[in-house]
Amino acid sequence: MPLVLYRKYRPQTFSEIVGQEHVVQTLTNAISSGMISHAYLFSGPRGSGKTTIARLLAKSVNCSGRKEGTAEPCNKCSSCLEIMGNRSLDLIEIDAASHRGIDEIRELRDGIKFAPVKSKHKVFIIDESHQLTKEAANALLKTLEEPPSHAIFVLATTEIHKMIPTIISRCQRFDFRKLTVPEIVKKLEMICEKEEVKVEKPALELIALNAGGSIRDGESLLDQTLSFSGEKSKEIKVEDIKDLLGLVEIEVISKFTDFIYQKKAGEAIDFLNEITEKGSDLQQFSKSLINYLRQVLILKIVGLETKNPIITGFTKEDLEKLKTQAAAFKEEDLRKILNLFLEAENKIRYSSIPQLPLELAIIESCQLA
Ligand SMILES: Nc1ncnc2c1ncn2[C@@H]1O[C@H](COP(=O)(O)OP(=O)(O)O)[C@@H](O)[C@H]1O
Ligand SMILES: [Mg+2]
Ligand SMILES: [Zn+2]
């Protein structure tokens, strides 16, 4: 049975939010001083905390146990409990991606006239609000022009450029950002501790790296990892994550990179052939290679001793190898080689011989003066 970690570990207080400091700071100040806006716009990538913070806001403004001059909800009063149990009548969540119609908004506009059932405020969270139909968006705009004093709107969107400017201008806007690898690791470590499972740090870093800035995706990957490994007492290693993600072995990429800087085009092409025959996916291979070369380049530029968050997910031996290669390449060549393989990666899909773009990139890389 999946644990559904991202639901289980949705922050229930502002203090549990990782990152997004600017949003948390401004919002908690507003709540504790009672200076709430009627309309907020949360824009930013998926899994970065928009819905979580919108619900926290709803909880705090209606919490009867909240201490004056503070922002945290008590999580014990009936309003808090109802919101946490998804059964509050004064928190209305609309997913514009599935309810695109004007009807819902009209209902919302008519319904909004009625005071909250139990609480001080009626909070409307409209998710993916850029997907509202034109009519629905216009109806919403009308509502935003004269919101009743009890209403608070939180519009969330992953695509701010698709929002109508007149709606944007009626809202107080917060831009959420992607979470960094260390931020995601921090949350995952907390979860591992609570779940009493052992995952070595490089493995968590590899998960975070593959989460693409979304804590939610990181949590889902951890979820898969845990249900995959079964045994709770066994420590989960980088290798397990690699297997799970179907990542191309670093040793493979590293060996290939050796051929490139030794300018052994023939051997590199043979090697590519070999791994293709063994069933490696060329697209996946290119992706891993580019990621690897990027790390070599960054190591070259920031210096071999610095700790850079991008250089993660390596064992000690892998890292030593990476350093040797960073020292061996000329920076200029690395840049050119990266560009060559980036181009090749794009062409693989459209090439009648999928290997050809990579072979050309190999030959050109090995001919650099
Ligand atoms: N900034 C954050 N701090 C802690 N956990 C987060 C954060 N952002 C996302 N999460 C985790 O990811 C899950 C999904 O987040 P959510 O707020 O629904 O993302 P969004 O609405 O931006 O797509 C949450 O339940 C929580 O576990
Ligand atoms: Mg959301
Ligand atoms: Zn409360």
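## Zinc site

In this predicted model, the 4 donor atoms around the zinc ion (ligand 3) subtend angles of 97 to 122°, which makes the arrangement tetrahedral. The criterion behind that assignment is that all angles lie between 85 and 135 degrees, and the ideal value for four tetrahedral donors is 109.5 degrees.

The protein donors are the SG atoms of Cys-63, Cys-74, Cys-77 and Cys-80, which lie 2.3 to 2.4 Å from the zinc ion (ligand 3). Read along the sequence, these donor residues of the zinc ion follow the spacing C-x10-C-x2-C-x2-C.

## Domain layout

The domain assignment divides the protein chain into domain 1 (20-175), domain 2 (181-245) and domain 3 (250-366). Between domain 2 and domain 3, the C-alpha centres are 26 Å apart.

Ligand 1 lies between domain 1 (20-175) and domain 2 (181-245), because both of these domains give residues to the shell around it.

## Surroundings of ligand 1

The shell around ligand 1 is made up of 19 residues, and the closest of them are Tyr-6, Gly-47, Lys-50, Thr-51 and Thr-52. Sorted by class, this shell around ligand 1 holds 7 nonpolar, 5 polar and 7 charged residues.

Taken alone, ligand 1 exposes 560 Å², of which the protein buries 96%. The elements that contribute two or more residues to the shell around ligand 1 are α3 (50-62) and α10 (215-229).

Technical notes
Residues numbered from 1 in each chain as written. Chains lettered and ligands numbered in written order. Predicted model: local features only at pLDDT ≥ 70, side-chain atom pairs only at ≥ 80, totals over all residues. Heavy atoms only, no water. Near = heavy atom within 4 Å. Areas by Shrake-Rupley, 256 points an atom, 1.4 Å probe, with all protein chains shown as cover. Helix = DSSP H or I, 4+ residues; strand = E, 2+ residues; numbered from the N terminus. Nonpolar A, V, L, I, M, F, W, Y, C, P; charged D, E, K, R; others polar. Domains from an automatic or database assignment. Donors = N, O, S within 2.8 Å, 3.2 Å for Na, K, Ca; no water. Tetrahedral: all angles 85-135°; square planar, octahedral: opposite > 155°, others 65-115°.
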